[in-house]
Amino acid sequence: MLAQRLRQPLPGAQPRLRFEMPPEYTRQDGDAGEDGEVQPQFGSPGPRISPQHPLYLGFMGTVGVGLALLVYWIGSNTTQLLLWIVAALFIALGLEPVVSWLEGRKIPRPAGILLSVTVLISAVVGFFATLIPTIVEQVTQIVEQAPVWIRDFIDSEFFRSLDDQFGVRDRVTEELDKFVNDPAAMGGIFGGVVGFGSTVANGLFGTLIVLVLSLYFLAALPAMKKWGYRLAPRSRRHRVEALSEEITRSVGNYVIGQAVVALLNATFAFIVMSIVGIPFALLLAFVVALLAFIPLVGGMIAGIVVLLVSLTEGWQTAAIYGICYFSYLQFEAYFISPRIMQKAVAVPGAVAVISVIAGGSLLGVLGALIAIPTAAAVLLLVREIYIVRQDQH
């Protein structure tokens with residue numbers, strides 16, 4: 001009885017207004033006119049002005065230039081916001097296959113979104129909650145060991161020979177005295193600390209914005225697609241929908257696949273580092289996981305970083321780790337990635353390398369992450385639109 005009363009609307013309450021898609025008018029929509037012919041609700045549009053009319057050409061040309069300048073001005077002043085939007089859309093497309101799979105199991109879409117995001121946030125929070133204490137401990141060890149490493153280097157024969165030839169010790173002492181006695185340099189240190197705090201605060205704020213936008217995009221993704229498809233002419237709408245669904249499906253599968261590949265890469269690296277005794281194994285595994293998200297070059301960079309650290313334990317340790325890790329990269333390239341990415345994207349190697357470099361140069365790590373899905377989308381459009389059109393002539 002109480003549940004039925006809770007479901008009843010409050011007296012005087014009105015339904016929430018929603019921005020709905022307008023219906024597609026056909027000859028059966030709307031009201032009948034005086035001649036019996038069915039008319040749309042707001043009347044039929046009049047004849048279009050001729051595109052060859054000078055007034056039309058001049059006006060539309062001016063409007064086009066003005067819109068281009070407006071878009072450029074908005075983009076140049078909202079670069080950070082655009083990056084957040086791209087990151088949120090990338091995450092939403094990555095979670096969309098999971099939500100669709102849950103919908104196929106008779107789970108409502110809101111519940112599927114809540115479940116997917118909850119699992120993702122719980123995994124990230126649990127990972128960092130386990131990792132941060134270890135990172136703090138290992139970073140503290142690095143800070144404590146740094147003076148020992150510096151002292152050993154200063155006492156080495158290599159540094160003594162350099163000091164005898166070039167006077168390195170006196171030069172370093174002189175520069176340190178200048179730096180300590182320079183007020184501008186000390187003020188720069190304080191400004192750097194403040195700048196670091198501002199960067200951390202902006203990063204946390206950006207993370208919150210990306211998370212909120214990802215939730216909105218994920219919830220509204222079917223409606224966004226529907227609106228986007230309606231912008232195309234009806235005669236081409238089915239083809240636009242098919243191409244768009246293929247692109248979004250490939251992007252979503254790529255995000256999930258890349259996450260799995262990065263997790264396997266970091267797990268293998270951590271196991272090998274623990275066996276051979278490389279210091280700061282967990283911290284380095286976290287670095288490997290982050291770099292492994294960057295396609296093609298991320299694993300190579302991660303391997304070089306760990307190799308440099310492993311040299312502190314001797315060249316034998318570095319050699320063993322290098323052989324194991326780079327052998328795994330080959331195994332991953334030929335056996336793991338093809339099976340995980342078989343439903344994702346297929347991009348030629350040269351195009352993938354060029355796109356990753358270009359994306360990293362334009363947008364940093366985010367650009368490198370979205371470079372391959374973007375290249376795959378462009379190749380799909382070229383193959384299905386431009387080449388098909390060229391083959392018909």
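Trp84 is buried, with a relative accessible area of 18%, where buried means under 20% relative accessible area, exposed over 50% and partly exposed in between, computed with a 1.4 Å probe on protein chains only. The model is predicted, so local features need pLDDT of at least 70 and side-chain atom pairs count only at pLDDT 80 or more, whereas totals for chains, interfaces and linings use all residues. Residues are numbered from 1 along each chain as its sequence is written, and side-chain values use heavy atoms, with hydrogens and water left out.

The structure holds four aromatic pairs, and two of them are set out below. Rings of Phe, Tyr and Trp (its six-membered ring) pair if their centres lie within 6.5 Å, and planes under 30 degrees apart count as stacked, over 60 as edge-to-face and the rest as tilted.

| Pair | Centre to centre | Between the planes | Type |
|---|---|---|---|
| Trp84 and Phe205 | 5.8 Å | 70° | edge-to-face |
| Tyr321 and Tyr325 | 5.5 Å | 10° | stacked |

Because Trp84 lies in helix H3 and Phe205 in helix H7 (residues 183-230), their pair ties together parts that are 121 residues apart in sequence; helices (H or I, at least four residues) are DSSP runs, numbered from the N terminus. Phe205 is partly exposed, with a relative accessible area of 47%.

Tyr321 and Tyr325, by contrast, both lie in helix H11 (residues 315-340), four residues apart. Tyr321 is buried at a relative accessible area of 0%, Tyr325 is buried at 0%, and ring pairs link Tyr321, Tyr325 and Phe326 into a cluster.

Definitions and conventions:
Helix = DSSP H or I, 4+ residues; strand = E, 2+ residues; numbered from the N terminus.
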